[in-house]
Amino acid sequence: MTIENPLPAAFIESQVKLALLEDIGQQDLTAALIPADSIATAKLITRENATLCGRDWFTAVFAQIDDRISIEWHAVDADNLTADSVICTLTGPARAILTGERTAMNFLQTLSATATLSKRYADAVSGLAVKILDTRKTIPGWRVAQKYAVRCGSCFNHRFGLYDGILIKENHINSAGSISAAVHQAKNLHPDIAVEVEVENLDELQQALSANADIVLLDNFNTEQLKQAVVINQGQAQLEASGGISLSNVRDIAETGVDRISVGALTKDIKAVDLSLRFQ
């Protein structure tokens with residue numbers, strides 16, 4: 001499966017530029033120990049099973065440091081890698097490869113972490129008509145990149161920010177006066193955008209449905225409550241489960257009949273994929 005990276009090269013290059021400035025500053029003091037004319041070949045290896053994401057960032061790091069570095073890729077974003085497999089081979093000035101190593105791997109390890117966890121969630125609900133969605137709980141400055149990684153892991157994107165979707169939460173409801181008032185106001189202001197409402201019990205679900213909400217987020221409902229919500233809904237709105245979702249319970253939740261499950265852990269509770277750059 002190939003997932004197209006929607007990010008313009010200039011955006012990725014700007015992220016990489018800041019990351020390199022953060023790491024290198026004015027110079028790499030340690031790399032200066034290596035002879036300037038030394039040419040090296042290095043292989044990037046994964047030490048664990050993983051789903052790859054972040055090739056464009058990795059490549060951009062070395063392109064900015066020294067355009068004499070060549071990279072031969074053996075995998076593409078969204079590929080499922082097995083432990084000890086070679087991801088790519090780099091050839092070029094040894095100093096430059098060593099200088100870029102950490103920054104390049106930070107991008108690849110972090111984005112692959114999101115893709116890998118997303119793939120585990122997608123596999124956990126395989127065969128069921130439900131979508132696993134991400135949230136806005138992302139690393140600051142990395143949101144669009146992490147949401148791309150979520151897609152590489154076969155999951156789906158919720159709204160990207162406050163600008164492209166409406167999600168009415170408790171404080172919005174309290175400020176507006178009621179669920180009905182909040183939904184009606186949202187539909188009046190933005191008639192072409194789906195309106196989602198977060199509810200905490202079945203009574204609030206009824207209110208959201210009566211107000212013609214397009215999507216209802218069922219916050220921290222247990223499986224029995226989710227089943228009841230599906231019966232009450234009768235297909236009127238899309239139902240989204242959220243809160244307390246884990247790999248151990250996501251399939252049980254999916255089997256209640258909800259349409260969507262949002263999981264903040266996809267971008268928030270991640271563990272960097274274990275990669276190693278080995279000089280030959």
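Visitor: What makes Q234 count as buried or exposed?

Guide: The relative accessibility of Q234 is 69%. Buried means under 20% relative accessible area, exposed means over 50%, and partly exposed lies in between, with a 1.4 Å probe and protein chains only. Q234 therefore counts as exposed. This is a predicted model, in which local features need pLDDT of at least 70, side-chain atom pairs count only at pLDDT 80 or more, and totals for chains, interfaces and linings use all residues. Residues are numbered from 1 along each chain as its sequence is written, and side-chain values use heavy atoms, with hydrogens and water left out.

Visitor: Where is Q234, and what is its phi?

Guide: Q234 sits in the loop between α8 and β10. Its phi is near 50°, which is positive, and Q234 is not a glycine. Most residues other than glycine have a negative phi.

Visitor: What is the phi of D84, and why is D84 called exposed?

Guide: D84, also not a glycine, has a positive phi of about 75°. D84 belongs to the loop between β4 (80-81) and β5 (86-93). Its relative accessibility is 57%, so D84 counts as exposed.

Visitor: Why is K147 called buried?

Guide: The relative accessible area of K147 is 0%, so K147 is buried. K147 lies in helix α4, residues 143-152. Helices (H or I, at least four residues) and strands (E, at least two) are DSSP runs, numbered from the N terminus.

Visitor: What makes the pair K147 and D134 a polar contact?

Guide: The side chains of K147 and D134 are joined at 2.7 Å. A polar contact is a pair of N or O atoms within 3.5 Å; within protein, one must be able to donate a hydrogen and the other to accept it, and residues adjacent in sequence count only if both atoms are side-chain atoms. Neighbours within four places in sequence aside, K147 is in contact (heavy atoms within 4.5 Å) with D134, T135, N157, H158, R159 and F160.

Visitor: Which residues of α7 are buried, and how do you know that they line one face?

Guide: In α7, residues 202-210, the buried ones are L205, A208 and L209. Seen down the axis of α7, its buried residues fall within an arc of 95°, so they line one face of the helix. The arc is that of the directions from the helix axis to the C-beta atoms. An α-helix has 3.6 residues a turn, so residues three or four places apart point the same way.

Visitor: What covers that side of α7, and what is on the face turned away?

Guide: The cover of the buried residues of α7 includes α6 (179-189), β8 (195-199), β9 (215-219), α8 (223-233) and β10 (238-242). Turned away from the buried side are the exposed residues D203 and S210.

Visitor: What is found at the start of α7, and what follows the helix?

Guide: At the start, a side-chain oxygen of N201 comes to within 3.2 Å of the backbone nitrogen of D203. After α7 comes N212, with a positive phi near 65°.

Visitor: Why is E4 called exposed, and what does E4 contact?

Guide: E4 has 67% relative accessibility, so E4 counts as exposed. E4 is in the segment before α1 (9-24). Leaving aside neighbours within four places in sequence, E4 is in contact with Y148 and R151.

Visitor: How many helices and strands does the chain have?

Guide: The chain has ten helices and twelve strands. Of its 280 residues, 48% count as buried.
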